[in-house]
Amino acid sequence: MRAEPPRSLRLQLPRALLDPQQRDLGCGDGDGLLPVQVELEGGRLAAIRPLATAEGLPLALTPPVEPHAHLDKAFSWAEHSNRSGSMAAALAVNLREGERRTAEQVLQRGEQALDQAWRYGLRAIRSHVDSGGSAGPPSWEALLQLQQRWRGRVELQLVALVPLNHWGTPEGRELARQVAACGGVLGGVLGPPYPRSQRDRQALAQMLTLAEELGCGVDLHVDESGEAPGCGIRLLLEQLARRRPQVPITCSHASSLGLLALPAQQRLAERLARWQVAVVALPTTNFWLLGRRGDQDLAQRPLAPVRQLQRAGVLVAVGGDNVQDPWDPSGDFDPLELLRFSSRVCHSPPWQRQGLMPCITAPARLLGLSWDGIVRRGAPADLLVTSAASWSEFLARPHQRRVLRGGKWLPPPPTEQPASILASLDGSPPC
Ligand SMILES: [Zn+2]
């Protein structure tokens, strides 16, 4: 049965997601939550009123945004697994899979990803796309189709992922023109082993010049490693000091920055803030892949120092990165799972503004979305309502959710549908 669109909802919302200009709302409780009644009209929020009590009210958020995914290879683990968990093996399997990739496969993977993401409550995704070699054309063909098909439900932003020096070749410049024409972003990988030559410096300079010429943003996989801490970030900052292109620049991963001593971290964080470089921390894939030392247990977990970067004024978003592909067998495009995980590993609890923003408002800004994700009069009637009544309950276990988009309830996410694999236990065949 289809649920009727609601005309008003009584919820608990984080103060950090409510209009700071609306003074009658107060400050919220110790968890930063406020009981409110929201009035809905024509797919928008018509009014937000404070309530006297939070008793029995569900905790709600505005829909999160995924700042870093790989839709072209999502759900490919079953046929292209990497049970060693090493980065080198992940890359080798990825490259083999890419040689045989078809547009139909990417359409299927992307459609599943977007459908799940939408039902889980995501409203936008930035996906990197393997764009070098034979994987490029089928991946772009399929993802551009999906971008059109999903417009208005999940905004899809695409980043061309190639070896950095590709942008200096005639083929690279042609690809950049195509990427610019569809509103895309230039990507690449900057990580160890760093050559002794000027190769990376030159490739970076060429890429930044091209990005400025075409008005394209830049989003690099930087320092996704436990080696040579912060080396790629330094190379980038060096180039930015020569010529800061007037385009948005994002460093994805920045994992080895977290291995530097505090003063060095701080200096680099301040320089990133000065040059307005955003950072996307990717804790799930980092925790799966990085720091492996044969049979030895880990002592180091390379991860972007989220709080340190925020203190310096860097815009920090948190992303889910790989989903069931050779780089990471887990993940499901569920932003609430990611928020729970990142709260733990980044020591950044969601009752703090800085804990919540990396999943909601910061990625909205990073993707340049028209709505910042703040609940105010006239904003879209888009909410993610959970069955938790407090942050502690939210963190304790997975919760059911209802997703409201444009004032209407969406179908439930995959985790809330009956599990057919369990039906056989009752003697009835799986449907
Ligand atoms: Zn990635």
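Guide: Helices here are DSSP runs of H or I, at least four residues, and strands are runs of E, at least two, numbered from the N terminus. This is a predicted model, in which local features need pLDDT of at least 70, side-chain atom pairs count only at pLDDT 80 or more, and totals for chains, interfaces and linings use all residues. Residues are numbered from 1 along each chain as its sequence is written, and side-chain values use heavy atoms, with hydrogens and water left out.

Which residues of α1 are buried? They are A90, V93, N94, E97 and G98. Seen down the axis of α1, these buried residues fall within an arc of 140 degrees, so they line one face of the helix; the arc is taken from the directions from the helix axis to the C-beta atoms. An α-helix has 3.6 residues a turn, so residues three or four places apart point the same way. On the other side of α1 you will find A88, L95, E99 and R100 exposed, that is, over 50% relative accessible area.

As for its length, α1 runs over residues 87-100, 14 residues in total, and reaches 20 Å from its first C-alpha to its last. That is close to the 20 Å expected at 1.5 Å a residue, counting 1.5 Å times one less than the number of residues. Finally, look at the start of α1: a side-chain oxygen of S86 comes to within 3.1 Å of the backbone nitrogen of A89.

Terms used:
Buried < 20%, exposed > 50% of the residue type's maximum accessible area, 1.4 Å probe, protein only. Polar contact = N/O pair within 3.5 Å; in protein donor to acceptor, adjacent residues only side chain to side chain.
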